[in-house]
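Hi everyone, thanks for coming. Let's take a few minutes to walk through one protein together, and please have a look at the picture as we go.

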Amino acid sequence: MNKVGKQHLVYAMGPNREPVLRVKSGERVVFETCDCFEDQITSVDTAFDSLNWERINPATGPVFVEGAEPGDILSVTIEKITIADHGVMVTGPDLGVLGGELNTNSIRILPIRNDYAYLNDSLKVPVNKMIGVIGTAPASEEISCGTPDLHGGNMDCKEIKEGATLLLPVNVEGGLLALGDLHAAMADGEVAVCGVETAGEVTVTIHVIKGKRLPLPMLINDSAIMTIASKKELDEAANQAVKNMAEFLVSELNFEKDEAIFLLSLAGDLKICQVVDPNKTARMELPLRYVEDKYDLQILIKGQKILS
């Protein structure tokens with residue numbers, strides 16, 4: 001099994017990063033990850049001013065996928081996510097949506113057991129394991145792992161979880177895939193500035209798709225297909241996610257533009273992923289039943305070569 005250890009960390013995704021592993025299309029890779037604080041917080045007494053904020057949101061990698069060329073797509077199926085037995089949450093002044101209402105910083109260490117994360121002895125939330133940061137190298141400039149954009153990055157989309165397939169652009173040879181920032185649980189919005197931040201391992205299968213031009217990033221799970229967009233303002237991200245799904249319906253399923261718009265207004269759900277990063281992220285979800293009868297989704301999951 002191909003494996004990348006958590007000693008191979010990057011804090012930005014860029015075209016000149018040296019790959020730490022080379023794999024072929026169709027192979028599995030295990031990524032070992034730190035939490036988003038690079039495991040610096042070990043107790044509720046950890047001082048905020050002792051944290052190295054240059055070490056936030058590290059991603060493990062990057063991985064070079066042989067045969068992946070600019071213009072291709074990486075199809076990344078998330079086979080398994082394993083997490084630690086605890087997670088970290090923080091909030092405080094100027095952090096998250098309500099940071100302006102806080103005067104002091106707060107750190108919580110949450111035990112994780114029996115598929116629940118415990119805020120305290122009487123308050124628990126179900127585990128929803130997901131990947132916060134996952135992306136490929138941008139074409140030219142480096143982008144911080146804390147910032148989501150067209151390449152993926154810190155999208156903090158709670159649907160990037162086991163069983164889902166994420167489609168990412170290949171901007172440079174090999175794609176240079178990296179991921180990290182696992183959450184044991186997180187709701188849409190991530191309003192505190194974090195989820196239950198935890199370390200762990202992620203097993204993915206990577207395929208290269210050739211001959212397709214799609215409005216990326218996109219995500220497919222067992223119930224929906226999604227377009228994900230990140231912009232400086234939330235309204236812009238939401239509008240772009242809708243435009244991207246309409247583009248997919250028109251270009252790939254031969255919908256008329258007005259028909260695609262009507263369908264999204266009736267059956268598409270526009271949702272917030274996160275509102276706390278330098279770019280905000282939204283997604284448009286469309287149930288698979290409107291797509292799978294007209295389109296072979298295995299093309300996007302298994303990476304069969306398309307001639308078009």
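Let's begin with contacts, meaning heavy atoms within 4.5 Å. Among the contacts here between residues at least 6 apart in sequence, 75% join residues at least 24 apart.

Before going on, a word on what you are looking at. This is a predicted model, where local features need pLDDT of at least 70 and side-chain atom pairs count only at pLDDT 80 or more, while totals for chains, interfaces and linings use all residues. Residues are numbered from 1 along each chain as its sequence is written, and side-chain values use heavy atoms, with hydrogens and water left out.

Now the overall picture. The protein has three helices and 22 strands; these are DSSP runs numbered from the N terminus, with helices being H or I of at least four residues and strands E of at least two. Along the principal axes, the C-alpha atoms fill a box of roughly 60 × 45 × 40 Å. How does the radius of gyration agree with that of a compact globule? For 308 residues the globule value would be near 19 Å, and the protein has 19 Å, so the two agree. That radius is taken over C-alpha atoms, and the globule rule is 2.2 Å times the number of residues to the power 0.38.

What about burial? Of the 308 residues, 55% are buried. Buried means under 20% relative accessible area, exposed means over 50%, and partly exposed is in between, using a 1.4 Å probe and protein chains only.

Which strands pair with S15? Two strands pair if DSSP finds at least two bridges between them. Strand S7, residues 73-83, runs antiparallel to S15 and is joined to it by five bridges; Ile73 stands opposite Pro169. Strand S19, residues 218-220, is also antiparallel to S15, with three bridges, and there Met218 is the bridge partner of Leu167.

Last stop: Asp296. This residue lies in the loop between strand S22 (280-287) and helix H3 (298-302).
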